[in-house]
Every structure is written in structure tokens, then in C-alpha cells.
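Hi there,

Here is the structure I promised to pass on to you. Have a look at it first, and then read my notes below.

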Amino acid sequence: MMETMTKVPLKDNNSTEDVKYKLIAENISASYDGIVAVKNVSMKFRDRAVTALIGPSGCGKTTFLRCLNRMHELTKNATLTGKVLLDGEDLYSNKVDPIINRRKIGMVFQKPNPFPTMSIYDNVACGLKLNGVKDKKIIDEVVEGCLKMASLWNEVKGDLKKPGMSLSGGQQQRLCIARALAIQPEVLLMDEPASALDPIATQKIEEMIQELKKEYTIIIVTHNMQQATRVSDYTGFMYLGDLVEFGETKQIFENPRNEITAKYVQGQFG
Amino acid sequence: MITVEQRTEFRKHFRYNVGRRLVLDKVVKCLVFICVLVAIVPLIAILVNVFSNGAAALSWNFLTQVPGAVGSDDPGGIGPAIQGTLILIGLSSLIGVPIGVMGGIFLSEYGNNRYGRTVRFFNDVLAEFPTIVIGVFTFVLIVLTFGDFSIWAGSFALSIIMLPIIMRTTEESLKLVPVTYREAGYALGIRRWKVVFTIVLSGARGGLVTGILLSVARIAGETAPLVFTILGSSQFVQDLGGPADALPLRIWRLSSLPYDSAVTQGWGAAFILIIIVLSINIGVRYLFLRKKGQTLLKFKKLGSVS
């Protein structure tokens, strides 16, 4: 079964030569603790578009996402082969400092994780402060701008000094998004950003993604297939570490070419 | 699969002896409460005992004067001992806290290898070392080398006693900071040492402060290593290179004198030592662990009521 699966050509339906790809993953294989989580996955992510990664639990979506900003190598006993090109430059080349690149590729995690000892303001500002920005005026502007982009500003503008932990779960997650945006990344990786949130908070995050798409390349891992159809332009379906099918979201959900993709998007397993 | 009969059995079982369970619940609660009492009673007894025996000695002169001649009418005070203890606590914290915290950071963040395990092992051994041995060691290493008993030697010995306590508590409290905060820091492109020193350390400050205070309380009461390092003195310290006095030493000397007034002074000195340790503890906790504005607010509220 695996054999037939990997043989399906992974073609981007709409590919024309002048399309701009912000991020290109080439032959990524990754493992941790001896478990191979991602097997030879190649994907191209378009600029100013949302790409969703879907698939059942344990299929390697999150590991793959963490390979894209070199977070995977921080995992214990992690191995990785392949290339990730950001604007044509290989993130894994020896000449490149992984830390500089993490500043270009922001990340939002599954569970909201605002820094517990910091205020709302400091949570957003700390990426700038700790990376050497000292001008208070600039920091103030960035904090306000990012909180607005994360559509949190109106709810917190009066209590920026309150601890970040005092917010509700959905607000905390938007705070984390504002924090990720503050260092002015070019790509935003989101690992199931709404899975711990209620429907209203989820909706807010999804609306925000639609806004952010105008400026960022967004890659979102999600368990929720409706969410993938709502927010994404392209979808990749992963299964047991393989990228089974990758194409326009509409095509993946309405007219999947692969049998397993079809079963998954119809909810027959997962 | 559990059969329907089994399920019914289970349900019945869960409803058995409800009364007995409630009683058991109460019994356990009582036991816990009694244990707390047993732990608190000696503490209060010590405080009351020390205060009632020493209260007669307490006066401004007692706190500020040098000790009088043994057996004379004017017993003098314990000024040099208080001064010595405060300097000792300050100096040994100055040496012990930075090294201990750094060591703890090493063990927690970079110590997951053979080298780290070795350090951890010897650190634990050091924590269990008899302090008098540390005193003798310092005597040979510093007192004999420099030719005089000194506050430096005393602080050196005390900071060795502090080190393992601070290192271990720092390591344990850093490990309790969830990995998700570190990852959030790394994802912002913050360098590892900065993530440790800003995000992780501030998340662990509760445990950190507790560990440091534990070690301060521990060294404030150490007597044995001081006998070999600062010797004892009845004069105020003028320079850090000479002998000095400290409260535990003074308590020991006073309590072994055959005069009632001296013994009362010994109790008084013990009371002062307890007060010093307590106020450092409360003061540091107030400074580092209050949530912004919270404690101040409480005081304001109290003020507005009165």
C-alpha cells in the first residue's frame, strides 16, 4: 500500500513558471529517538498564501513544520536530512546561523504559551528587546501594531501592564501570534493554533489568518479539516510520514487523486 | 470487554460502605492536621523559649556595645557578633550565589552528559559534607596561607556550604520551567543563553529565591567552620583580614560561661540571630516574589481601613 502511495505524482496543479515560492522544502527526512517521523517530503510554499498541512495524529505534520525553522534540531536525539530554501537560500547550509533565520520564520505553538512572568506588553516586546532593539518609541509602535494585527488591541489596550497569563486562552493565543509577528518575520508557521480554543476564539484566529495572508507566507498544521478548507489556499495531506498529496485546497477536498486522501477528507479514518 | 453483570457489580461496589469511606476521609484529614501541629509546636516552643529567656538581655546597648569583661558588672553587648554575622552573610552570598546559580544553570541546561552527571554527584557529596571539615580545609588553605584568621576565610568556608544547596535547587527549579517557554523563546530567534537568563530564570525565580534563602539560613547558624576561620573577637571588625565575631560563636561562648547574665545574653543573641534570618527571608521574598503592585495594594487597603 505504501508503495502505491508514494508513487502518486506530487504535482502542484496550478503551477506556472512565474509563481513565486517563498519557502521550498527539498527531500526532508526527519527522525527523533529513532522514530522516523518525516520521510523524504518535498513541498513548495507560495508567498502570500496559506498552506495547510493535514493528516491523522502522528503523521509527521508537526515534525515537518519544525524542520522549516530549524526547531526540530532542538529535540533530543533528532536527525534530519534535506534542504529548506528560504528565498533560495538553504537554511541548513553551514554558513547560515539558525538563529537569524528563526527571526525570519515566526512560529505559533499548539498551546498558548505567553511568557509567564511578563506583562502583555513585554510579551510582545521581548522578541525585539532581547534581539537588541532599544528605541522605546519603535517598540511601542511595534507592540501596538502587532496587537492590532492579531486583533487583540481593542481588548487589551487599557491593561498592557497586566500579566500575559491573565488573559483567556483565546486571547493568550492571539498574544502569542502578536509576539511572533513583532520580530517582523516573513513566514509564519502555525502548529494547530486553534486546537485548544473554543469556536469563537477559533473564528477570530481564522479571520486574522485571512488578514495576515496579505503580507505573510503562512503554513498551518491542523487537525480540523473544515479549518483547512476555510483558511487555506493549498493543502498537503500527510500520512505515516509521507506527503501523499499536495495541491489546491479545493482540489484536495473535492477531487482528491489519491485513495487515502479521499478516505481521510471524507472522514473515514483519522 | 466488561460484561453487563460485571458493570453492575462494579456499581454496587462503588456504593458500598459510603459511611466508612467518609469516616476514613475525615481520619486522614485529622492525621494530616495533627502532623502539621506536631511540626509547628516545636517551632513556636523554640521561639517562645528563646524570647522569654533572652528578653531580659535585650536593650539598645546589647545590640550596639562590645562584650564586657567576663564576670564584670557591665556585661556589654553583642555588637561585633551582629556586625560579623551580617558581613559574613553578605560576603558569602556574594561569592556563593552567583557561582551556585551559574552551576545550577549548567547542570540544568548543559548538564545532560557524563560531565554533568559527575558534577552533580560531587555536588551532592559536598552537600552532605560535615561543615567542620570544610572549616578545617579552609583553615589549612586560607588561614595558614595568609597567616591570620579573617572574615574572608569565614565567608569562603560558608560559601562552600552554600554552593551545593543553591546549585541543586537552581537546577531543580529551572527544570520545572516547561519546555514550551524555551521553544517560544528560540522561535523568536533569541539566543540560547539569553533565553536561559531572561525567560527561564525568571520563570524559575520562586524556586531560585527559596534555595538561596535556605542556604542563607543554613550558613547564618553555622558555628563549627567559623571556629577555624574567624576565630571570634570582642571588637568590631575594622578590616576584613582579621579575626571577627559572629552570632553563633558568641552564643556558644556566652552559654558556656558560668554567669547567669552571660547565659541570658546568650539567649538574647539567639533571639537576634533568629530575627535576622527571618527578616532576610521575609524581605527577600517581598522584593523578588511579590506580583507587581499586589503587596503594595494590600498595604494600601489596610491603610485605608484604619
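Ser151(A) sits in the loop between helix H5 (136-149) and helix H6 (153-156) of chain A; helices here are DSSP runs of H or I with at least four residues, strands are runs of E with at least two, and both are numbered from the N terminus. This is a predicted model, in which local features need pLDDT of at least 70 and side-chain atom pairs count only at pLDDT 80 or more, while totals for chains, interfaces and linings use all residues. Residues are numbered from 1 along each chain as its sequence is written, and chains are lettered from A and ligands numbered from 1 in the order in which they are written.

Ser151(A) is not a glycine, yet its phi is positive, about 40 degrees. Most residues other than glycine have a negative phi. Ser151(A) counts as partly exposed, with 16 C-beta neighbours inside 10 Å. (A residue is buried if 20 or more other C-beta atoms lie within 10 Å of its own, exposed if 12 or fewer, and partly exposed in between, with C-beta atoms placed from the backbone.) Asn27(A), also not a glycine, has a positive phi of about 50 degrees. Asn27(A) belongs to strand E1 (residues 21-32) of chain A and is exposed, with 11 other C-beta atoms within 10 Å.

Now for where the chains meet. Contact here means that the C-beta atoms of two residues, placed from the backbone, lie within 7 Å. By that rule, 19 residues of chain A are in contact with 15 residues of chain B. On the side of chain A that touches chain B, H3(A) gives the most, with four residues.

Chain B has 14 helices and zero strands. Its radius of gyration, taken over C-alpha atoms, is 26 Å, well over the 19 Å that the globule rule (2.2 Å times the number of residues to the power 0.38) gives for 306 residues, so chain B is more spread out than a compact globule. Buried residues make up 34% of the 306 residues in chain B.

One helix to look at is H6(B), which has a kink of about 40 degrees centred on Phe139(B); the bend at a residue is the angle between axes fitted to the seven residues ending there and the seven starting there. The buried residues of H6(B) are Ile134(B), Gly135(B), Thr138(B), Ile142(B) and Val143(B). Their cover includes helix H7 (151-175) and helix H11 (224-229) of chain B. Just after H6(B), Gly147(B) has a positive phi of about 80 degrees.

Happy exploring!
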